[in-house]
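Subject: Structure handover

Hello,

Please find the structure below, followed by notes on what was found in it.

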Amino acid sequence: MLKEHSQVVLKKPVPNLGLEPGDVGVVVHIYAQGAAYEVEFLTLDGHTIGLETIDAVDLRPASGSAVIHERKRLAA
């Protein structure tokens with residue numbers, strides 16, 4: 001189970017926020033003992049894109065050895 005304040009990576013798109021697989025967010029709440037998570041997604045300069053409830057199967061923990069990749073988000 002993921003912990004609050006941990007970084008997570010999307011495994012599928014979230015079109016209403018303009019997010020794609022590989023985008024990173026932060027867990028801000030845990031639902032049903034880890035069945036789903038409330039995740040905050042931010043721009044690199046710290047502005048909130050949005051909050052979304054994501055099923056556990058659609059997230060993975062972020063790896064500490066991963067490389068950050070920048071992309072322009074299409075407006076949702």
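This is a predicted model: local features need pLDDT of at least 70, side-chain atom pairs count only at pLDDT 80 or more; totals for chains, interfaces and linings use all residues.

**Strand pairing**

β1 and β2 run antiparallel and are joined by 3 bridges. Residues are numbered from 1 along each chain as its sequence is written, and side-chain values use heavy atoms, with hydrogens and water left out.

β1 also pairs with β5 (residues 59-61), antiparallel, over 3 bridges. Valine 9 has a partner on each of these strands: valine 24 in β2 and arginine 60 in β5.

β2 and β3 are antiparallel too, with 6 bridges, and valine 27 stands opposite valine 39 in β3. The hairpin of β2 and β3 has 4 residues between the strands, and alanine 32 in this hairpin takes a positive phi near 45°.

β3 is joined to β4 by 7 bridges, again antiparallel. Tyrosine 37 has isoleucine 54 in β4 as its bridge partner. The hairpin of β3 and β4 has 5 residues between the strands, and glycine 46 in the turn has a positive phi of about 90°.

**Core**

β3 is largely enclosed by the rest of the structure, because 5 of its 7 residues are buried. Buried means under 20% relative accessible area, exposed means over 50%, and partly exposed lies in between (1.4 Å probe, protein chains only).

The largest nonpolar core has 12 residues: Leu2, Val8, Leu10, Val14, Leu17, Leu19, Val27, Tyr37, Val39, Phe41, Ile54 and Leu59. β1 and β3 are the elements that give two or more residues to this core, and β3 gives the most, with 3 residues. A nonpolar core is a set of buried Ala, Val, Leu, Ile, Met, Phe, Trp, Tyr and Cys residues joined through side-chain atoms within 4.5 Å. In soluble globular proteins, nonpolar side chains tend to be buried together.

Leaving out residues up to four places away in sequence, valine 39 touches Val8, Gly25, Val26, Val28, Gly50, Leu51, Glu52, Ile54 and Leu59. Valine 14 is in the loop between β1 and β2 and is buried, at 6% relative accessible area. With neighbours within four places set aside, valine 14 is in contact with Leu19, Glu52 and Ile54.

**Largest pocket**

The largest pocket holds about 910 Å³ of space. It is lined by 28 residues, and the closest to its centre are Val24, Leu42, Leu44, Ile68 and His69. β1 (7-10), β2 (24-31) and β3 (36-42) each supply at least two residues of the lining. By class, the lining has 13 nonpolar, 6 polar and 9 charged residues.

On the terms: on a 1 Å grid over the protein atoms alone, a pocket is an open set of points where a 1.4 Å probe fits, with protein on both sides within 12 Å along at least five of seven lines, and lining residues have an atom within 4 Å of a point. Grid points are joined across faces, edges and corners, and the volume is the space filled by probe spheres set on the points. Ala, Val, Leu, Ile, Met, Phe, Trp, Tyr, Cys and Pro count as nonpolar, Asp, Glu, Lys and Arg as charged, and the others, Gly among them, as polar.

**Single residues**

Aspartate 58 lies in the loop between β4 (48-55) and β5. It counts as buried because its relative accessibility is 15%. Apart from neighbours within four places in sequence, aspartate 58 is in contact with Val9, Leu10, Lys11 and Lys12.

Most residues other than glycine have a negative phi. Histidine 5, in the segment before β1, has a positive phi near 75° and is exposed, at 64% relative accessible area. Glutamine 33, in the loop between β2 and β3, has a positive phi of about 55° and is exposed, at 78%.

Regards

Technical notes
Two strands pair if DSSP finds at least two bridges between them. Contact means heavy atoms within 4.5 Å.
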